[in-house]
Amino acid sequence: MTTTRFVAKALPRQPGVSGWAAMLPPRQPQAGLEGKALADVVIIGAGFAGLAAARRLSQLDPALRVAVLEAGVIGEGPAGRNSGFIIDLPHEVSAESLGSDSTEHARRDIFKNRTAIALAQGMSEEHGWGPEVFNAAGRYSIARGAAGDHHLRDYAAQLTRLGEAHRLLDAGETAAFTGSTAFSSALFTPGTAMIQPADFVRRMADALPAPIRVYENSPVTAFAREGSGWRIETPKGQIAAGRVILAVNGHATSFGLLPRRLMHVFTYASLSQPFDPARLGGLRDWAATPALPMGTTLRRLSGPEGDRLLVRSRYTYNPTLTVSDGALARAGRLHDRKLASRFPMLKGLAMQHRWAGAMALTWNSVPVVDEPEPGLWVAAGCNGVGATNATANGIVAAERALGHLSQLGRNFQLAAAAHPIPPEPIATIGGKATLAWKEWRAGDE
């Protein structure tokens, strides 16, 4: 009898130290998996998708025995490297322009995004997390020149047609909240939730109710069909379960799943040392995505030691799911230049933490929630909006695992299948060229 078996050819590696995790007290991990265990559902991965899946399973069946396996320490993986935007309006790194979808598609996208926000907000309110963890503060899209200004005006017009609240800001109004005259305009939309991503996923994992069990430092090395169920293996233990949700985004390809369906892209971030807030006017807490796709994301964070600035920019195509020290250093130098050009009044402010985070994009920017084998569900394809899309993917994977069909699930059924990407080496050559061209087109945005 042939056994279906999936073996990890590599385990996740995290480039650099995430500033989000470094700002928090050291995590006391939950115990790792040792020996043999039983579960109704095993979730592999404790990022946005895996934790959302666990939350949704608990809502649908509170008695369900769920085991969540995390390869490392929660908050140090890709979810804890996110920029912390749970965005409600259409916004995809891989899209040609913001708001370019049809009205019907845009409304389904907004419903998906707000379903993800509702799950996160529900946990925050239930457990009394403060605004430093989850804050429904909205976000700015920010421009540095005529091209960005034009893009924001066009996007605002589309939001008007959709009936979505927004406010355009001129250069003076933009300077008033950023404390800098380096920007030409901005667009504020109130529906985005801002999180401290490492703190959020830590708290989310710790708040999951029994009989859910979370195991940290328990990388899955293989899983295989065993009768009508599955056997999941880690270095020190194994779990037998009826169903498996693989919620590891691009790492799914390490198990041989989703061949030629995911493009592996890394994005880079730097977090400054604390500075005296008197050095920079404007608001002390704000977050801005770029007016043009693949521009520069900024966040200002207040804290007891002073304020910090986060700069996220640069995208690289990495089919091996690894990032070199040189790539991290080059991105860091770019961030230093962007910080200096936008906030010259902070001359001499050094970056304290630099890191990269993995993304998985599909060719046609659609999510992947598939059942490649009976009882095995795969959730992948964050498409550059990880906190939002991964959360929604996890919700739908959990619902499908239990045979539940919600409106979100119906909307996912309407999505096209992920188009195959070209074979190697065409995929890598094309991926790198496309990213370089899009970054060039974004210019200094």
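Reader: Which helix holds glycine 19?

Author: The model is a predicted one. In it, glycine 19 is found in helix H1.

Reader: Is glycine 19 buried or exposed?

Author: A residue counts as buried when its relative accessible area is under 20%. The relative accessible area of glycine 19 is 0%, so glycine 19 is buried.

Reader: Which residues does glycine 19 touch, not counting residues up to four places away in sequence?

Author: Contact means heavy atoms within 4.5 Å. With residues up to four places away in sequence left out, glycine 19 touches Leu271, His353 and Trp355.

Reader: How far apart are the C-alpha atoms of glycine 19 and glutamate 76?

Author: Along the chain, glycine 19 and glutamate 76 are 57 residues apart.

Reader: What should helix H2 span, and how far apart are its end C-alpha atoms?

Author: Helix H2 covers residues 48–60, which is 13 residues. The expected span is 1.5 Å times one less than the number of residues, so H2 should span 18 Å. The end C-alpha atoms of H2 agree with this, being apart by 18 Å.

Reader: How many of the residues of H2 are buried?

Author: The buried residues of H2 include Phe48, Leu51, Arg55 and Arg56. H2 is mostly covered, and of its 13 residues the number buried is 11.

Reader: Where does asparagine 393 lie, and is it buried or exposed?

Author: Asparagine 393 lies in helix H8, residues 386–401. Its relative accessible area is 2%, and the cut-off for buried is under 20%. Asparagine 393 is therefore buried.

Reader: Which backbone oxygen does the side chain of asparagine 393 reach?

Author: Among the residues that asparagine 393 touches are Pro367, Ala380 and Phe412. At 3.1 Å, its side chain reaches the backbone oxygen of alanine 380.

Reader: Which element gives the most to the lining of the second largest pocket?

Author: The second largest pocket holds about 700 Å³ of space and is lined by 31 residues. Elements that give two or more residues to this lining include helix H1, helix H6 and strand S16. With five residues, the one that gives the most is S16.

Reader: How many residues of that lining are nonpolar, polar and charged?

Author: Nearest the centre of the second largest pocket lie Glu132, Gln196, Asp285, Leu301 and Ser302. The lining residues divide into eight charged, seven polar and 16 nonpolar.

Terms used:
Residues numbered from 1 in each chain as written. Predicted model: local features only at pLDDT ≥ 70, side-chain atom pairs only at ≥ 80, totals over all residues. Heavy atoms only, no water. 1 Å grid on protein atoms, 1.4 Å probe; cavity = no way out; pocket = protein on both sides within 12 Å on 5 of 7 lines; lining within 4 Å. Points joined across faces, edges and corners; volume = space filled by probe spheres on them. Helix = DSSP H or I, 4+ residues; strand = E, 2+ residues; numbered from the N terminus. Nonpolar A, V, L, I, M, F, W, Y, C, P; charged D, E, K, R; others polar. Buried < 20%, exposed > 50% of the residue type's maximum accessible area, 1.4 Å probe, protein only. Polar contact = N/O pair within 3.5 Å; in protein donor to acceptor, adjacent residues only side chain to side chain.
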